[in-house]
Amino acid sequence: MIRVVLGHRGTLVRGALAAVLSKESDFDVMAELDRSDDVLTSVRLRPHVVVLDPQLPGKLGIEELCRKLTGRGVLVMVDHEAIAATSMALVKQAPRIGLIATDATTEQFVEAVRDVAKGLPVVDVRLAVAALRAGDNPLTDRECEVLRQVTTGATAQEVARTLSLSAGTVRNYLSRILAKTGARSRIEAIRKAQDAGWI
């Protein structure tokens, strides 16, 4: 049996993925989680594969979470429209880290989980090419996460609540983002980051 933990921010999507895997006789879905912190603690269940949403909320960003999930396969589901340079760092961690597009078929998803469990590389070619084109991202995972929240029009206080941070910490992140992107405003920073494929 392939033991699987699912980490996805969307309850409906998470449930659908669990249902797809549960129909297969060789899968055991051990946990469905909606925060990165909970995913990390789920390693005590000794899953073979952890399926992740790269925008999973919590204190740990996707790169850090993947680094900490040693000794097991990780399959990250990436949206073509939201490809970021962060994915380049994940591509370099193949075959332990697999990348699959969110528009993959259920059959492709099931096979990808099986391949990751076997230690085989799973890298969607279109995602890999997009990651290569994105170039080096000067922003950290957490800075990207903060900036993605800001794109929704959220205030520093709202971002702080969503990411379990203090408002002061969020303002510090925003200052660093402006400095790293050379932007004069949040809107300009968002535009530059989106144009570069960082968020």
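**View 1. S164 in the loop between α8 and α9.** S164 is partly exposed, with a relative accessible area of 39%. The residue sits in the loop that runs between α8 (156-163) and α9. Its phi is positive, about 55 degrees, although S164 is not a glycine. The model shown here and in the other views is predicted.

**View 2. R46 in the loop between α2 and β3.** A positive phi, near 55 degrees, is also found for R46, a residue other than glycine. R46 belongs to the loop between α2 (36-41) and β3. With a relative accessibility of 57%, R46 counts as exposed, because the cut-off for that class is over 50%.

View 3. The protein chain is divided into domain 1 (2-133) and domain 2 (141-196). Their C-alpha centres lie 25 Å apart. On the side of domain 1, 12 residues are in contact with 6 residues of domain 2. Between domain 1 and domain 2 an area of about 680 Å² is buried, and carbon and sulfur atoms give 34% of it. α3 gives the most to the side of domain 1 that touches domain 2, with 3 residues. Across the interface of domain 1 and domain 2 there are 0 salt bridges, while 4 residue pairs are in polar contact between the two domains.

**View 4. The largest nonpolar core.** This core has 21 residues, and V39, L52, C66 and V76 touch the most other members. Two or more residues come from each of the elements β2 (27-33), β3 (49-52), α3 (62-68), β4 (73-78), α4 (86-91) and β5 (97-101). Another core, of 20 residues, lies apart from this one and includes L147, A154, A193 and I199.

**View 5. L52 and its surroundings.** L52 lies in strand β3. With a relative accessible area of 0%, L52 is buried. Leaving aside neighbours within four places in sequence, L52 is in contact with G7, V39, I62, L65, C66, L69, V74, L75, V76 and M77. One of these contacts, L65, is 13 residues from L52 along the chain, and the C-alpha atoms of L52 and L65 are separated by 9.5 Å.

**View 6. C66 and its contacts.** C66 is among the residues that touch the most other members of the largest nonpolar core. When neighbours within four places in sequence are left aside, C66 is in contact with L52, V74, V76, L90, Q93, R96 and I97.

**View 7. The salt bridge between R114 and E24.** The whole structure contains 9 salt bridges. In one of them R114 pairs with E24, and the closest N and O atoms are 2.9 Å apart. This pair links distant parts of the chain, with R114 in helix α5 (residues 106-118) and E24 in the loop between α1 (11-22) and β2, 90 residues apart. R114 counts as buried at 15% relative accessibility, whereas E24, at 28%, counts as partly exposed. Both residues belong to a network of salt bridges that links E24, D26, E111 and R114.

**View 8. The salt bridge between E63 and R67 in α3.** E63 forms a salt bridge with R67, the closest N and O atoms being 3.9 Å apart. E63 and R67 both lie in helix α3, 4 residues apart, about one turn of the helix. An α-helix has 3.6 residues a turn, so residues three or four places apart point the same way. E63 counts as buried at 18% relative accessibility, because that value is under the 20% cut-off. R67 is partly exposed, with a relative accessible area of 48%.

View 9. The side chains of E143 and R176 meet in a salt bridge, at 3.3 Å from N to O. E143 is in helix α7 (residues 141-150) and R176 is in helix α9 (residues 167-181), so the pair, 33 residues apart, links distant parts of the chain. E143 counts as buried at 1% relative accessibility, and R176 is partly exposed, with a relative accessible area of 40%. α7 is largely enclosed by the rest of the structure, because 8 of its 10 residues are buried. These buried residues of α7 are D141, R142, E143, C144, E145, V146, L147 and V150.

Methods
Residues numbered from 1 in each chain as written. Predicted model: local features only at pLDDT ≥ 70, side-chain atom pairs only at ≥ 80, totals over all residues. Heavy atoms only, no water. Core = buried A, V, L, I, M, F, W, Y, C linked by side-chain atoms within 4.5 Å. Buried < 20%, exposed > 50% of the residue type's maximum accessible area, 1.4 Å probe, protein only. Contact = heavy atoms within 4.5 Å. Domains from an automatic or database assignment. Buried area = accessible area lost by both parts, 1.4 Å probe. Salt bridge = Lys/Arg side-chain N within 4 Å of Asp/Glu carboxyl O. Polar contact = N/O pair within 3.5 Å; in protein donor to acceptor, adjacent residues only side chain to side chain.
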